[in-house]
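Biologist: I want to learn how to read aromatic rings in a model. Please take me through it step by step.

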Amino acid sequence: MPPADKKLDPHAIVAHIRLIMIWYILSIMALLPWVRLIINGAAASKAIPQMSDLPETSADDEPLGLLSVVVAARNEAGEIEKALRSLALQDHPNMEIIVVNDRSTDATAEILDRLAAEYQDKIKAVHITELPAGWLGKCNALQQGGEAATGEYILFADADVKFEKSVLRRSHLYARAEEADQFCVFPDNMADSFFEKAMLNVFALCFFLGFTPHKAMVRNSGKYVGVGAFNMVSTTMYRKIKGHTFLRLQVVDDVGLGKLIKFSGGKVRIAWSGGMVNVRWQENLRGMIRGLEKNFFAATNYSVFVTLLMVIGVIITFIWPWVGVWVGPTGARIIVGMALLMQIVTAAASASKSRIGAVHGITGQMGAALLLIAMINSAWATLKNGGITWRDSFYPLKDLKQFKL
């Protein structure tokens, strides 16, 4: 005990109490996102069907109408042929594939023309040689493809997606039976390296934490969703929202399309791929970080403040539990220990569902560190350059800000 004549410093007491409060606040902040993810994850698992569970035949025996598939391609010579052949070999009985070559400088144009000649009844190649002012290259290509589409549904898909042969038939049947205006499939992201998979898993968890996609299927909710690899929309709705016109300088065009549809009264349906829709997001870890360079800052509507909040959120949610469990008051350590346990279990479940391995339940801190690098790099590069460079075209920030998400 301190000597009787020595008074306790009230400032020190206040400072100590404040420090304890900070520990507890950090611990609770680390715990709450995982509670939310577990609750929403359980709800999403029940609400969102697997692609393999979708009907293979029509309940009313009504034949399927025409399905249009629109793919925008720029310098995709390495992957485009495999993707288009997987589309051409679909068992959908009535479909057209419109591939829009967006000013490619490699062999993409030649490959498309060859495949269009081989699959004359299915594949149509559209070549764009000039980019109109005030448009992103991809958005313009999707708009051109959408205008050429004549099906009752239009599937917007990326140029590197691989499909199991029954995917389009099942999707069309399900969307029609549900009278959906938008139908999205969350693909399985293929990755090779350990660190790619760690980063992908954290990205997926952040996506679900931010968008709670199963709630997008609730008609009167304010939630919406979009998936670049598989965004199927009814042609009637697409014409109603004037296609990609209002998204012409929107970098996150897939989510933007989902937002337009939802806030235009559209009905949304979603499915898990379950291995039937696969995409290789980027070639390697460096490519993943560079790939997010154009997307992340755009997703914050080019806000430094929002970016800072998200950076802090990722640190507290994914990294702090691995530190806080060892330091601080006992009660706070117990709370943050619960957060860490929930992180491991939830991340492992997410990684298993994504087919990248349950071991990534314990790599959240690594994946988060890599995601933080990508997030900060995206904001820094965009601000430093005064815009983004995407597929060899530069788009000024002052123009991009006119089309916020």
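Modeller: Start with phenylalanine 211, which is partly exposed at a relative accessible area of 21%. Buried means under 20%, exposed over 50%, and partly exposed in between (1.4 Å probe, protein chains only). This is a predicted model: local features need pLDDT of at least 70, side-chain atom pairs count only at pLDDT 80 or more, and totals for chains, interfaces and linings use all residues. Residues are numbered from 1 along each chain as its sequence is written, and side-chain values use heavy atoms, with hydrogens and water left out.

Biologist: What describes a pair of aromatic rings?

Modeller: The distance of the centres and the angle of the planes. Rings of Phe, Tyr and Trp (its six-membered ring) pair if their centres lie within 6.5 Å. Planes under 30 degrees apart count as stacked, over 60 as edge-to-face, and the rest as tilted.

Biologist: How many aromatic pairs does this rule count?

Modeller: It counts 16 aromatic pairs. One of them joins phenylalanine 186 and phenylalanine 208: 5.3 Å centre to centre, 50 degrees between the planes, tilted. Both residues are buried.

Biologist: And phenylalanine 207 with phenylalanine 211: what are the distance and angle there?

Modeller: Their centres are 4.7 Å apart and their planes at 25 degrees, so the pair is stacked. Phenylalanine 207 is buried, at 17% relative accessible area.

Biologist: Which residues form one aromatic cluster?

Modeller: Phe186, Phe207, Phe208, Phe211, Tyr224, Phe263 and Trp272.

Biologist: What lies over the face of tryptophan 272?

Modeller: Lysine 353, at 4.8 Å from the ring centre. A charge sits over a ring if NZ of Lys or CZ of Arg is within 6 Å of the ring centre and within 35 degrees of the ring normal.
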